[in-house]
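Open the model in your viewer and keep the selection panel to hand.

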Amino acid sequence: MMTVKGKTIVVTGAGGGMGKATVELLLKNGANVVGCDLNTDSLEPFAGQKNFMAYKGNFLDEDTVKRAFKTVSEKFGSIDGLANIAGIAQSNTPIEKVSLQEFHKIMDINLTMTFLTCREAALYMKGNKTGKIVNVGSVSATRPRPGLQAYVASKGAVESFTKAMALELAPFHINVNILHPGPADTTMLGKFTAAEAEIEDTKKEIFEKSVPLGRLIQPDDIANSIKFLLSEEANMITGTILHVDGGRNI
Ligand SMILES: NC(=O)c1ccc[n+]([C@@H]2O[C@H](COP(=O)([O-])OP(=O)(O)OC[C@H]3O[C@@H](n4cnc5c(N)ncnc54)[C@H](O)[C@@H]3O)[C@@H](O)[C@H]2O)c1
């Protein structure tokens, strides 16, 4: 059995499609879970559970990240896992129309936020000489699509950052891995669509057709693999890329 029982796990992007599914699965398996997001409304169903805490805030803000981890450590006594699921899409746009502001925003949310939360997690995990970090990238880092340059670059950077962290933190028995989802059935998928395109047509004609296994990835597919990477069964896995994409990366 893949066990996360009794582990305290911080999940960013917890209010989104993959995040909520991950929170639910980790709770079901006996973990203490802290669900972090700009908007935690969707986490309301878990509010009464003793082993759950919602943390609403902008995790791009350095002080918010520091405060959140301190609160978690004080409440649950340790921080054993971090699942960095928060992210932002890019509307399909030709490079000459991408503003510098938009580029910075995507890099900040997808990359800088990952740096901030990993830095804070390392601080707590190094002291305990154990920990597991899972960063969520995207299959587009290895199979880019035209019009998503900033997004693809941000996720490629998260992949390199993950490998660097895996090596640096290995002496402290902290595993750091990246999970690359393929096109997934969440509200984010529609946000990759070009401004003038039909969301449902793009989902079917472009995204679903690109998956060899023939369907969009579901939030539960991602949650299952995140749980595995956070569990003791993944103790000897670090610095690796787990594609959860129905074969899209081939
Ligand atoms: N949906 C897809 O097709 C797809 C494909 C590949 C990779 N991904 C990646 O998977 C991850 C999850 O995607 P999803 O589909 O669940 O998206 P989603 O939009 O449903 O969830 C993302 C969550 O991140 C939160 N967030 C954004 N900025 C934040 C901030 N500054 N502070 C705190 N929270 C913040 C949002 O509020 C949202 O709830 C993302 O990193 C995304 O890039 C998604």
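**Stop 1: the ligand shell**

The shell around the ligand divides into 15 nonpolar residues, twelve polar and one charged. Here Ala, Val, Leu, Ile, Met, Phe, Trp, Tyr, Cys and Pro count as nonpolar, Asp, Glu, Lys and Arg as charged, and the others, Gly among them, as polar.

This is a predicted model: local features need pLDDT of at least 70, side-chain atom pairs count only at pLDDT 80 or more, and totals for chains, interfaces and linings use all residues. Residue numbers start from 1 along each chain as its sequence is written.

Which residues are closest to the ligand? Select Gly13, Gly16, Gly87, Thr186 and Met188. In total, 28 residues surround the ligand; a residue counts as near if its C-beta atom, placed from the backbone, lies within 6 Å of the molecule. Next, colour α1 (17–28), α3 (100–128) and α5 (187–191), the elements that give two or more residues to this shell. Helices (H or I, at least four residues) and strands (E, at least two) are DSSP runs, numbered from the N terminus.

**Stop 2: the sheet**

Show the strands. Seven of them form an open sheet in the order β3-β2-β1-β4-β5-β6-β7, with parallel pairing. Two strands pair if DSSP finds at least two bridges between them. Go to the edges: β3 (52–56) and β7 (241–244) each have a single partner strand, so one side of each is left without a neighbour in the sheet. On average, neighbouring strands are turned by 15 degrees against each other, direction ignored. Axes are lines fitted to C-alpha atoms, for helices over the stretch in contact, and angles run from 0 to 180 degrees between N-to-C directions.

**Stop 3: strand by strand**

Select β2 (residues 32–37). Is β2 enclosed or open? Six of its six residues are buried, so β2 is largely enclosed by the rest of the structure. Buried means 20 or more other C-beta atoms within 10 Å of the residue's own, with C-beta atoms placed from the backbone. Asn32, Val34 and Cys36 lie on one side of β2, and Val33, Gly35 and Asp37 on the other.

Step to β1 (residues 8–12). Five bridges pair β1 with β2 in the parallel sense; look for Thr8 opposite Asn32. Four bridges join β1 to β4 (residues 81–84). There, Ile9 stands opposite Gly81 and Val11 opposite Ala83.

Stay on β4. Gly81 and Ala83 point one way, Leu82 and Asn84 the other, and all are buried. Gly81 also has Lys132 as its bridge partner in β5.

Move on to β6. Six bridges join β5 to β6, and Ile133 stands opposite Val176. Eight of the eight residues of β6 are buried. Ile174, Val176, Ile178 and His180 point one way; Asn175, Asn177, Leu179 and Pro181 point the other.

**Stop 4: the helices**

Select α7 (residues 219–230). This helix lies across β1, β4, β5 (131–136), β6 (174–181) and β7, running at about 165 degrees to β6.

Finish at α2 (residues 62–76) and α3. Their axes are 10 Å apart, at an angle of about 35 degrees. Show Glu62, Val65, Lys66, Phe69 and Ser73 of α2 with Leu116, Thr117, Glu120 and Tyr124 of α3, which make the contact. Contact means C-beta atoms, placed from the backbone, within 7 Å. The contact residues divide into four nonpolar, two polar and three charged.

Methods:
Two residues are in contact if their C-beta atoms, placed from the backbone, lie within 7 Å. A residue is buried if 20 or more other C-beta atoms lie within 10 Å of its own, exposed if 12 or fewer, and partly exposed in between; C-beta atoms are placed from the backbone.
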